Amino acid sequence: MDKSTHLSFISFLEQFGALPEDVSTAIERVMQSMEFPKKHILLKKGKVCNYLYFIQKGLARNYFEEENKELTNDIVLEGEILVSFSSFISRKPSIETIELLEDSILLAIHYDDLQNLYQQFPMMERFGRMIAEHHYNSLAMKSYRLKFSNSSERYQYLFENKIEIVKRVPIGIIASYLGMSIETLSRIRSK
């Protein structure tokens with residue numbers, strides 16, 4: 001693949017530190033570009049997550065599904081990592097599903113290729129740890145806001161910090177993500 005295709009992923013990684021050219025080149029060799037339509041299920045609950053994805057274009061969500069009820073755990077935009085981390089790391093079946101909410105272009109690294117990069121370039125393990133810490137911190141802050149903020153405060157935070165979600169994601173998914181009913185979200189939005 002051409003180097004410019006991976007530029008945004010390399011830029012994402014470089015927020016955690018400089019990457020020597022040989023490491024960037026090795027990453028580019030194993031990355032795969034994938035295009036999928038809106039509503040494509042990237043990972044089904046019960047399957048092992050074999051890829052770490054980077055959204056180059058599009059939008060996705062991770063959600064839990066029990067007894068015909070869906071609870072959105074995360075909404076991922078361009079320039080962000082998309083993965084079922086617990087499944088990817090543990091190599092066990094995922095408890096969540098990943099669905100694309102728009103036509104999307106993803107860059108993907110297979111688990112085995114990532115392990116080989118870790119072996120070949122020990123500094124990559126530090127990058128992997130920093131990405132995991134970044135992802136964990138993001139989910140921990142969301143969990144904190146869900147527990148200690150009221151519905152209006154949660155929506156206000158989303159509106160001020162991730163306006164693209166408000167603009168591009170269906171209201172039912174936003175309500176699920178914020179831990180409220182569609183009716184409550186509609187009332188808040190109308191104010």
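This is a predicted model: local features need pLDDT of at least 70, side-chain atom pairs count only at pLDDT 80 or more; totals for chains, interfaces and linings use all residues.
**Helix 5**

Helix 5 spans residues 123-148 and includes Lys142. The side chain of Lys142 raises a question of charge: which side chain of opposite charge is nearest to Lys142, and how far away is it? The nearest is Asp74, at 6.7 Å. A salt bridge requires a side-chain nitrogen of Lys or Arg within 4 Å of a carboxyl oxygen of Asp or Glu, and Lys142, although buried, has no salt bridge. When neighbours within four places in sequence are set aside, the residues in contact with Lys142 are Thr72, Asn73 and Tyr177.

Phe148 also belongs to helix 5. Is Phe148 buried or exposed? Its relative accessible area is 59%; because exposed means over 50%, Phe148 is classed as exposed. Together with Met141 and Tyr144, Phe148 makes a nonpolar surface patch of about 360 Å².

**Strand 3**

Strand 3 covers residues 51-57 and pairs with strand 8 in the antiparallel sense. Strand 3 is also joined to strand 6, again in an antiparallel arrangement. Tyr53 has a bridge partner in strand 8, namely Ala108, and another in strand 6, namely Leu82. The two pairings are set out below.

| Strand 8 | 104-110 | antiparallel | six | Ala108 |

Conventions:
Residues are numbered from 1 along each chain as its sequence is written. Side-chain values use heavy atoms; hydrogens and water are left out. Helices (H or I, at least four residues) and strands (E, at least two) are DSSP runs, numbered from the N terminus. Buried means under 20% relative accessible area, exposed over 50%, partly exposed in between (1.4 Å probe, protein chains only). Lys and Arg count as positive and Asp and Glu as negative; His and the chain ends are not counted. Contact means heavy atoms within 4.5 Å. Two strands pair if DSSP finds at least two bridges between them. Patches are made of residues with over 30% relative accessible area and no salt bridge: like charges are joined within 9 Å, nonpolar side chains (Val, Leu, Ile, Met, Phe, Trp, Tyr) within 5 Å. Accessible areas come from the Shrake-Rupley method with a 1.4 Å probe; for residues, only the protein chains shown count as cover.
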